[in-house]
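Good morning, colleagues. Please look at the sequence and the model on the screen while I describe the fold and a few of its residues.

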Amino acid sequence: MQVLKQAGKDLSRQNIIRQATYLRDVELPMLLPGIKVNTSPTDYYPVQQLQLVRFDGRRWVRFGDLVYDE
C-alpha cells in the first residue's frame, strides 16, 4: 500500500519499482512495533531489525531491545 501511495497516479512498472526501492521507515501492521522497513538502490533487504523472544512455558515473550543489522 505504501508503494502505491508513493507512486501516485503514475502506476507504470518502472515507477512502482522505483518507489519500492525508496521505502523509508515504513511501519507495517504485521511486524512487531518499532520494526521499520527500509530499502535503497544498494540495499533491497527491507527488514533489518529483529526482536528476541523466549518461551515461558505458555507463550512467547519478547525481551531486550530491538536488534539492528546495519
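I shall begin with the chain as a whole and then turn to individual residues.

This is a predicted model, in which local features need pLDDT of at least 70 and side-chain atom pairs count only at pLDDT 80 or more, while totals for chains, interfaces and linings use all residues. Residues are numbered from 1 along each chain as its sequence is written, and side-chain values use heavy atoms, with hydrogens and water left out.

The protein chain contains 2 helices and 4 strands; these are DSSP runs, helices being H or I of at least four residues and strands E of at least two, numbered from the N terminus. In sequence order the pattern is α-α-β-β-β-β. The radius of gyration is 16 Å, well over the 11 Å that the globule rule gives for 70 residues, so the chain is more spread out than a compact globule. That radius is taken over C-alpha atoms, and the rule is 2.2 Å times the number of residues to the power 0.38. Along its principal axes, the C-alpha trace spans about 50 × 25 × 15 Å.

Of the 70 residues, 20% are buried. Buried means under 20% relative accessible area, exposed means over 50%, and partly exposed lies in between, with a 1.4 Å probe and protein chains only.

Which residues of helix α2 are buried? In this helix, residues 13-21, they are N15, Q19 and T21. Seen down the axis of α2, these buried residues fall within an arc of 155°, so they line one face of the helix. The arc is that of the directions from the helix axis to the C-beta atoms. Their cover includes α1, residues 2-7.

Let us take Q19 in more detail. Its relative accessibility is 14%, which counts as buried. Leaving out residues up to four places away in sequence, Q19 touches V3, Q6 and A7, where contact means heavy atoms within 4.5 Å.

P41 belongs to the loop between α2 and β1. At 41% relative accessibility, P41 is partly exposed. P41 and Q19 are 22 residues apart in sequence and 10 Å apart in space, C-alpha to C-alpha. Beyond its neighbours within four places in sequence, P41 is in contact with T21 and Y22.

Finally, L50 is located in strand β1, residues 49-50. L50 is partly exposed, with a relative accessible area of 42%.
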